Each structure stands twice: as structure tokens, then as C-alpha cells.
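Work through the exercises below with the sequence and the structure side by side, and try each task before reading its solution.

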Amino acid sequence: MVSEMKVLFDAISDLVFLLSEETIQAIASRLKEAEKSNVQSALVGAVSSPAARRALTDVLQTWVATDVSPHELALMLLATAHAHHKISGKEQIELVWTGPTTSFVSARRTEQVLLQVINSARETLFITSFVAYDISNVVTSINAAIERGVAVNMLLESSQSHGGSIEIDVIGKMQSLIPKACFYAWRNKDVEFSGGRVHAKVAVADKTSCFITSANLTGYAMERNMEAGVLISGGQIPRLLDDHLRSLIDTKTVSAT
């Protein structure tokens, strides 16, 4: 019984990690009104993404092997969601460094942290960079995120032939490597930003974590350059950064390619 409950707790935690607190509350409300025999039908349409549907199925399949009632399951979901919300709301900041190290600072490398942010995404991922090439591990992780239902946006610098500042068509190359991502470019600049470039290098996942770095999306930046950044988990900064990037799209400051 103890092992069955632990498996159930793990499944509930996995589900809560994928969903908003409001969605968990809606699922709990349905559970409280359901009998054990009709829980499956009561939760039809409760979640939309493939990953969330799989996680909900895992919860229900684990739950049927226990003596937990639908009402008790609802309370477990609510308690786990509340704890997750409290923990994720606390801001944590971690230094990220690529290049020569010293005994004074222990820091993780750029690629490790970037892959962590990408792999943590369950609903949304927004990445910006000046250039992008020679990053096979990053490309693989982004495509895997898309396959599990993550909506991926990328803002990159345009080539000279498309009104940008670089010779190579980075956006075209990345579109061929990550065909299901949405790509954006900063083409229509106000006079005050004439000649400006996309120099921001950030990655934001689910509005809950963000990586702000000096590193472009290049093999040298991931492995050889001296690059510095910070990983911010929880708090307001990831949400504000994500909202800002999406507002650039909504206001047509950046446009789809």
C-alpha cells in the first residue's frame, strides 16, 4: 500500500507540474462530484495538451489500485498544486559561466542550463539570439519540446538580404532544422532604432524560468567562449520577460517570417 501511494503521489506531482493551479482546481471540482465508477467520464476534456492528457491518465491508472476516494484524490491534487505554486513562486537565481574557471565560483556551463530550460518547458518556450548555428543538442531538445506539445517561438537577427545585419540566413537555416517552431524577425524599426540588431539572448519556459546570457546560440558560445549569464527560477522576472516578448509580437514590433 505504501508503494502504491508513493507511485500515486509521483503521478499527481507530474500532473500538477504541467498544469495551472486553476486547471487543477477545475479537475478537483469534477472529482468531488464524481463516483469512483464514473471518474473517467467526469474528466473527459479536462485537459487539452497531449502531455497533460498522458499525465492525467497516469494518475487515474495509478489511483484505481488504491482505496483513495474521488474526494480524497481531489484534495491531494489541490494540496500538491498549492505547494507547487508556493515553491515555484519563490525566486531563485543561479550564476552560469562558460570558459576558464576558478576556485572562487562554482557555476554550471551555458549549454547545460539552456538545455535545462528547454527540457523543463511544458507549454511555452521563447528563445532569442543574434545568430544560431552548430548547436545540434539544442536543436534536438527544441524539437523534442515541440513533440511533447510545447509552443516554441524564436526571435533571431535577419540576414542582409532580408533587411538585417548578418550575411547568412540564420532564420532560414533554423526553420529547416526546427520546422514546427514559429520564427520572428525585427524588421520594421522606428527611427530611433534604425540600424538596431537583435542582441538579446534569452530563453523563457512557461513564464516560470528564464535564462539571460551573453551567449549566442552557437557551438563556440556553448563550449569555448567566455560567457556569463543567470538562470532565474520563480518570481516575477520570467513572467514579465515572457509577457514583454509576446507583446512585441502582438504590437507587430517583430513579425513572423
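This is a predicted model: local features need pLDDT of at least 70, side-chain atom pairs count only at pLDDT 80 or more; totals for chains, interfaces and linings use all residues.

In these exercises, two residues are in contact when heavy atoms of theirs lie within 4.5 Å.

**Exercise 1. Describe the surroundings of Asp 242: where is it found, is it buried or exposed, and which residues does it touch?**

Step 1. Locate the residue: Asp 242 belongs to helix 10, which runs over 237–250.

Step 2. Classify its accessibility, using the rule that buried means under 20% relative accessible area. Asp 242 has a relative accessible area of 0%, and therefore it is buried.

Step 3. List its contacts, leaving aside residues up to four places away in sequence: Asp 242 then touches Thr 124, Phe 126, Val 204 and Lys 207.

Step 4. Look for a side-chain partner: the side chains of Asp 242 and Arg 246 are joined by a polar contact of 2.7 Å.

**Exercise 2. Examine the backbone of Lys 207 and Lys 252: what is the phi of each, and where is each found?**

Step 1. Recall the background, which is that most residues other than glycine have a negative phi.

Step 2. Read the angles: Lys 207 has a positive phi of about 60°, and Lys 252 has a positive phi of about 65°, although neither residue is a glycine.

Step 3. Place the residues: Lys 207 sits in the loop between strand 6 and strand 7, whereas Lys 252 sits in the loop between helix 10 and strand 10 (255–256).

**Exercise 3. State how many disulfides the structure holds, and classify Cys 182 and Cys 210 by accessibility.**

Step 1. The structure holds zero disulfides.

Step 2. Cys 182 counts as partly exposed because its relative accessibility is 38%, whereas Cys 210 counts as buried because its relative accessibility is 0%.

**Exercise 4. Describe the largest cavity: how much space lies in it, and which residues and elements line it?**

Step 1. Begin with the volume, which is about 60 Å³ for the largest cavity.

Step 2. Turn to the lining: it consists of 13 residues, and those closest to the centre are Leu 114, Val 202, Thr 213, Ala 215 and Leu 217.

Step 3. Assign the elements: at least two lining residues each come from helix 6 (110–120), strand 2 (124–129), strand 6 (202–205) and strand 7 (209–213).

Step 4. Sort the lining by class, which gives eight nonpolar, four polar and one charged residues.

**Exercise 5. Describe the second largest pocket in the same way: what is its volume, and what lines it?**

Step 1. The second largest pocket holds about 240 Å³ of space.

Step 2. Its lining has 15 residues, with Leu 155, Trp 186, Ala 200, His 244 and Leu 248 nearest the centre.

Step 3. Helix 10 supplies the largest share of this lining, namely four residues.

Step 4. By class, the lining of this pocket divides into 10 nonpolar, four polar and one charged residues.

**Exercise 6. Summarise the chain: how many helices and strands does it have, and what share of its residues is buried?**

Step 1. The chain has 10 helices and 10 strands.

Step 2. Of its 257 residues, 43% are buried.

Step 3. Among contacts between residues at least 6 apart in sequence, 72% join residues at least 24 apart.

Conventions
Residues are numbered from 1 along each chain as its sequence is written. Side-chain values use heavy atoms; hydrogens and water are left out. On a 1 Å grid over the protein atoms alone, a cavity is a set of points where a 1.4 Å probe fits but cannot get out, and a pocket is an open set with protein on both sides within 12 Å along at least five of seven lines; lining residues have an atom within 4 Å of a point. Grid points are joined across faces, edges and corners, and a volume is the space filled by probe spheres set on the points. Ala, Val, Leu, Ile, Met, Phe, Trp, Tyr, Cys and Pro count as nonpolar, Asp, Glu, Lys and Arg as charged, and the others, Gly among them, as polar. A disulfide is a pair of cysteine sulfur atoms within 2.5 Å. Buried means under 20% relative accessible area, exposed over 50%, partly exposed in between (1.4 Å probe, protein chains only). A polar contact is a pair of N or O atoms within 3.5 Å; within protein, one must be able to donate a hydrogen and the other to accept it, and residues adjacent in sequence count only if both atoms are side-chain atoms.
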